[in-house]
Each structure stands twice: as structure tokens, then as C-alpha cells.
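This report is written for a reader who works from coordinates and wants each term stated with its cut-offs. Please keep the sequence and the model at hand while reading.

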Amino acid sequence: MARPDSTHYELSDTERRDLIKLIEAGKPLPERYRFLLFEDKREVELVWNGKSRDVCTAVLPFQTLEHIDEPRKESSSGLQSELFNTSGRQIKGWANKLIWGDNKLILSSLKSGALRRQIEEAGGLKLIYIDPPFDVGADFSMDIEIGGETFHKEPNLLEQIAYRDTWGRGADSFISMIYERLILMRDLMADDGSVYVHCDWRVDYAVRSVLNEVFGNDYFRNEIIWHYENKLGTGWGAKTFDTRHDVLLKFSKGKRYVHNEITESVKEHKLQPVTQKIDGKRVWLKNPDGTLMYAMGNTERPIGDVWTIPIINPVASERLDYPTQKPEKLAERIVLSGSNPGDLVADFFCGSGTLAAVAEKLGRKWIATDLGKFGIHTTRKRLIQVQRESKAAGKSFRAFEVLNLGRYERQAYLNVSSRLTGKKKTEALQRKEQEFRDLILRAYKAQPLENETFFHGKTAGRLVAIGPINLPVGRLFVEEVITECRKRGASRADILAFEFEMGLFPAVLDEAKRKGIDIAPKIIPPEVFDKRAVDKGQVRFSDVAYVEANPRYDAKNKLTVSIELTDFSVHYSQGIADELALGLKEGKSEVVCDLGTLYKVSKDKNGVVTREALTKNWTDWVDYWAVDFDYENRKEIISVAKTMGVEGELPGVVDAASGEFIEFEERWTGAYIFENEWQSFRTRKDRSLELTSAPHAYPKPGRYTVAVKVIDIFGNDTMALVPVNVG
């Protein structure tokens, strides 16, 4: 607590000597000196180990992976017709954003990047709802359907890293995580915006204190109790009361904020005494005979701060079997009370996308982000279904984009200080690149090669070449690997890369085999940048999956083509089947991928290990596939910071830290945006999958490039290009 009065306090000679010694030794000052030396207006402040007011300032361009829009008839849409092309796909206006990645980097890039201008043009961010991982044990594991069977998916490494970052030091690290993100959210919000934070008994005390510090206690608006009646109780004889509620904490950014009254039905509709306000005082009205006047009460009443909403029924149509999924009714109340139609709302821990789905149904614009690739994939399918339902009902809806920070996030790893110039900058960049290669080689358990001009390492008799950090490996790089192998008389090599050009395999590997070279392309996982994962040997490199699809031409209409998915070859292996079997506890099982087959590895109470194949057909791997019939029609354009200076006509934003205006320029990345024109995917209720697309009619004869995207049961995507000639 702060000192009770403002009387000046004189330090004693002993205190002065102690302080000087601590400062000279570079040691932290005891907490009591803060209140003696510095004036602090806070009456109460939350303090935790590792507290820092520093927040992420990275500004990275967003990579547009996919544009999804169900074609509609313009006449049936409530949106302006000039927003659509002739086939009814949205080409202008705000497109909703589904973003995969670390929300700290996403928030920082939204706050000070080029998308900030789009957010402002959309009216500003009016409402944020977040459901942060206060129960991580349930947040990252889930059940997945494979080939008619169900298996329990444990957290992947990226999600385990998120768990370590969030809970590695217990409450301290959780509070640090949420504190930094709430500061970024506050700075991104509109002046009349508000935030709802979902929590439970584990962290509500800490979250409330953090919100008080970030937004100020004067801007606290409500503590809402979400009471779920049908949660299973602890049973008779328990030593504690049943836990039957979570908490929603609402804060506003400023004194003005959106709050819409919501009503609920009165359970018992009965006669109520009639009152009237007379001379500022409410009195009961009476009949001529002196008896109290009664009338039927209202059938509706404003809801209070206790919301009784059941958890999702196991057979409910909205249920996706996603572990942290919340009822749409809960999200609906938040969206209706905290925003108006057309407002922009956001969820930065979106999970299965409940808020985004509800926002779309209620006519709000939205941004949804998540770290888990499976969560992003679940949300993508859910929002496509919302588009389909809206189209069938003749209601308006918006397109949405799937974004990430992709190669730009990796490129940030190589950033060097902007203060360095010339030779020093070059040397610093070379050191960073060398550190990057050393890290990947350690993760791959390969031995670095000294005095080698091309290859970077070797392992188990194979040479190892690492591709560029910010570019996909293409044919020229693979051909160079083949040439260098032949020079050295080597016959086996591994190529490690974050990305490979589409259509590169398997043709280039067959070509290498004809020349006597065995090349294995391996995907570098994003977890490689986590030093702890590397040190523990947890990083797994996977082989590249291949998609095979063929055009099916219409015999009657020469401009019409369908695409048939004919194979999805998943040859990758984690290489840990034997290791996993040894480390498996008795009575436990785990799923592992080995030579393109998914196995359930189990160890019984006697220590006997068995392997059961879960994938029996290539279609078992496919959860979703989609087609872009004219892939090279839409270039991927990114906005990058250009100059700093006075605000002008070019698009830009004011940097929150410096107050200067950041100007952006647009650049083509050399890639194209996948425009999702047709898709088939499995749902919880319907596990079937169409393997031939609907027919597509081209406007004129010619050669087109079709892109086919397949997303597997774990949320990983693979693309292939299919050339077609029509007319």
C-alpha cells in the first residue's frame, strides 16, 4: 500500500549507504524503498516476479493465405453490389480476418502496421472478447476422427511451448502474458471500445487486478457471472461446494462505451402492484375502493449480472467437440450488449471461432486469431458453414481472409539493429544467419561441417543443406544440391526448408534418382526457434506430403472443368515410434506417424507394446480440400513500412511510441492468394467427403492454373498446381 500521508521522508545515513552499495553492485532495490523514493499515485498495484512494462513493438506484414467467399446473387445481398464481381464474390470492402500465429506479434502488427488503417476505416475496434488459456490442460488437447475411429490428440510442440510460456513460472508467467497482451489490446481499441475477459476461479483474482492496472479501476463496468446449471457436480459428500460458474470481467477504454440493454423472459408472469412516480417519489396506485391496483407484469425484464446459460448439449448442432468451445448464446449476449450492427469485434484467443461465427450471424465485422493451427482450421470450416447457411437464407455475409505472419515472422529472427551500418551491419547479419543454421542443425541432430561452401551439416551418412529462411526452396536450389552431391561423390542428401515451391515434388525427386542421388526434403517446423525445445530434442522434422489431382473436362461444354482429388500421399515420419514405445508408461497409449501411416501405440499393464494402424486409406488423412480454378488471378500484395515523417496522402498510421507517421508502400511478394471457390470437408455429423469438385465454367478459352489445397486431420495444409486447357 502507498504511504498514508505525503510527509517528506528523509533517508538515514545508513539507508543512503545501503542504497549506494546496491546501485553500484547493479542489484535491485528492496521493494520498501520504492515508496520512500518515488511518488506513486497507485493505491494498490499488482506486483509479480518478472514484471515489466515493456511490450512487443514488432511490426510484420501479414501474409494472405486464403480468401474465402461463397458466391451469392447480388440482388439477395444487403451489401452494395459494386463490392462484388460478376460471379457474386466480394472484391472490395472490409473482409473479415482469421489470423494464425502468436497473438502478441499479431496485436503489435495490427496496432502499428498497415492493417491499422483498415481497422480505422471499418469504424475502429469496438469490442474485444478473450477467453485466455486458464485451463491449459483442456485447451490444447482434443478428440479427432480418423478412418471411422476416434483418438485423443495431445498438444503439439508449438502448443506445449505456449503452455510453457503461459504457465512455466506458474501464476507469474500467466500474469505477464495477459498483462502485455491487454496493453496491446487497449492501444488497438477504439476510444469507445470495451473488453470482456473470460476467466474462472483459477485466475479471476489476478485478471481483475491486471485489468485494473491496464484500464484503470474507474473504467471497470461489470463482473458477470456465467452460471451453467447442467454442469456435472462433485457429488454427495464433497468437501467443497460445486463449481458452477465462470466470470466475465468487462472494462471500457474510456467514459463513452457501447452498452445495449438485453432482456430475458420472466419465468412467472403474474399480477404486480402498479406504481407511479409522483413528485419524485414512487407510490402504489389504488383503486376507487382503496384497494391496491394490480396489473399483469412485463413478460420481459433486463438481464442482470448473472447469466444462466447451459453448457453445450452433447447432441447440439453447434457442438464441434472442441475442448474449450463456449455456447453461442453466451457470445451472442456479449456481442449484442457490447456492439452495434456493422461494428468491428475481435477475439484474440478464438479457439473454435464461436465469437466470429456469432458476429457474422449478427452482422458485425470481425477479427479472430489463434496460435493453434487446428483451431484456425476448425474456425475456417465453421465460418464456411455460416456463409452457406446465410446464402441459403438470403441473408448478407462477408468474405473472410486467412492470414499469418508466415515467412515475415521468420525473417524477424534475422533482424539486426537499425543503428548499424555498412560493414558492422553485414557482420551482424552473417552472425545471425550462422546462429540460425546452427540452431536448425542442432534441432535436426546433425553435425555441422567445417570449411564447407555449400552443405551445412551431415547426419547418418547424409549431407544436409538448409534452404533460405524467408523464401521457398525451388527447382534451382534442388538442382544445385544434385550438382554439389555429384561433385563430392555423395549419393544421399536432406534439404531442410520452411517452404517448398508448389508442384516441385515428386517430379524433381524422380529426376534426382535417375542421376543416382537420393534426396529427402524435410519441413522445418516453427518450433525450431524455441531453444528449450531444441535442447530437449523435441523438434520433429517431417517429410513433404504430395497432392495428386486431375482435371475432368465436360464433353459437351469445352469451357467447363471439374477437379478430382486422386491421391494424398503422406510419406512423412516423425521417426520416434521406437523411442515413444520405450518411454510409454504402462496402461497408456499415444498416436505416432511412421512411414505415412498413423499408428496408435499402446503399452499394457504387462509392458507389452502393440501398434494399431488408424489410417488405412489415403482419404483417411484428408479432412478438407478446396479448389481455386484460376490461381494466378490474384497477386499477394503486402504493405511494408516505407518512411517516417509528416502525415500525408499515402496510407499509414501514427506510431504509438514515437508519435511519428509511418508510411507504407505495397509490394508483390511473387506469390498468389488462394481464392477458395469450392470446398468439401468433414463435419462432426457428416464424415463423408466429395472427391470431385462441382463443375466450373471459364469465361473464355485458354490455359489456366488450378490450385488444389488439402488440409489433413491435424490441420496441416498442402497445395498442388494443376494446369488446365479449355476451349
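## Basis of the values

This is a predicted model, in which local features need pLDDT of at least 70 and side-chain atom pairs count only at pLDDT 80 or more, while totals for chains, interfaces and linings use all residues. Residues are numbered from 1 along each chain as its sequence is written, and side-chain values use heavy atoms, with hydrogens and water left out.

## The eleven-stranded sheet

An open sheet of eleven strands has mixed pairing and runs in the order β15-β7-β8-β6-β3-β16-β17-β2-β18-β1-β34. (Strands are DSSP runs of E with at least two residues, helices are runs of H or I with at least four, and both are numbered from the N terminus; two strands pair if DSSP finds at least two bridges between them.) Its edge strands, each pairing on one side only, are β15 (306-308) and β34 (674-676). Neighbouring strands of this sheet are turned by 20° against each other on average, direction ignored, with axes taken as lines fitted to C-alpha atoms and angles running from 0 to 180 degrees between N-to-C directions.

Within this sheet, β2 (residues 96-100) runs parallel to β17 (residues 365-370) and is joined to that strand by four bridges, with Lys 97 having Ile 367 as its bridge partner in β17. Strand β2 also runs parallel to β18 (residues 400-404), to which five bridges join it, and here Trp 100 has Asn 404 as its partner. Because four of its five residues are buried, β2 is largely enclosed by the rest of the structure; buried means under 20% relative accessible area, exposed over 50% and partly exposed in between, with a 1.4 Å probe and protein chains only.

## The three-stranded sheet

A further open sheet has three strands in the order β25-β26-β36, with antiparallel pairing. Here β25 (546-553) and β36 (696-697) are the edge strands, each of which pairs on one side only. Eight bridges join β25 to the antiparallel strand β26 (residues 560-569), and Tyr 546 stands opposite Ser 569 in β26.

## Aromatic pairs

A search of the whole structure finds 13 aromatic pairs, where rings of Phe, Tyr and Trp (its six-membered ring) pair if their centres lie within 6.5 Å, and planes under 30 degrees apart count as stacked, over 60 as edge-to-face and the rest as tilted. Among them is the tilted pair of Phe 454 and Phe 477, at 6.1 Å centre to centre with 35° between the planes. This pair links distant parts of the chain, since Phe 454 lies in the loop between β19 (447-448) and β20 (457-459) and Phe 477 in helix α14 (residues 475-488), 23 residues apart. Both Phe 454 and Phe 477 are buried.

Trp 668 and Tyr 672 form an edge-to-face pair, at 5.7 Å centre to centre with 65° between the planes. Trp 668 is partly exposed, with a relative accessible area of 40%, and Tyr 672 is also partly exposed, at 21%. One aromatic cluster is formed by Phe 215, Phe 220 and Phe 251.

## The cavity

The structure holds one cavity of 30 Å³ or more; a cavity is a set of points on a 1 Å grid over the protein atoms alone where a 1.4 Å probe fits but cannot get out, and lining residues have an atom within 4 Å of a point. The largest cavity contains about 30 Å³ of space, the volume being the space filled by probe spheres set on the points, which are joined across faces, edges and corners.

Its lining consists of Ile 68, Asp 69, Glu 70, Pro 71, Ile 384, Gln 387, Asn 676, Glu 677 and Gln 679. These lining residues divide into three nonpolar, three polar and three charged, where Ala, Val, Leu, Ile, Met, Phe, Trp, Tyr, Cys and Pro count as nonpolar, Asp, Glu, Lys and Arg as charged, and the others, Gly among them, as polar.

Conventions. On a 1 Å grid over the protein atoms alone, a cavity is a set of points where a 1.4 Å probe fits but cannot get out, and a pocket is an open set with protein on both sides within 12 Å along at least five of seven lines; lining residues have an atom within 4 Å of a point.
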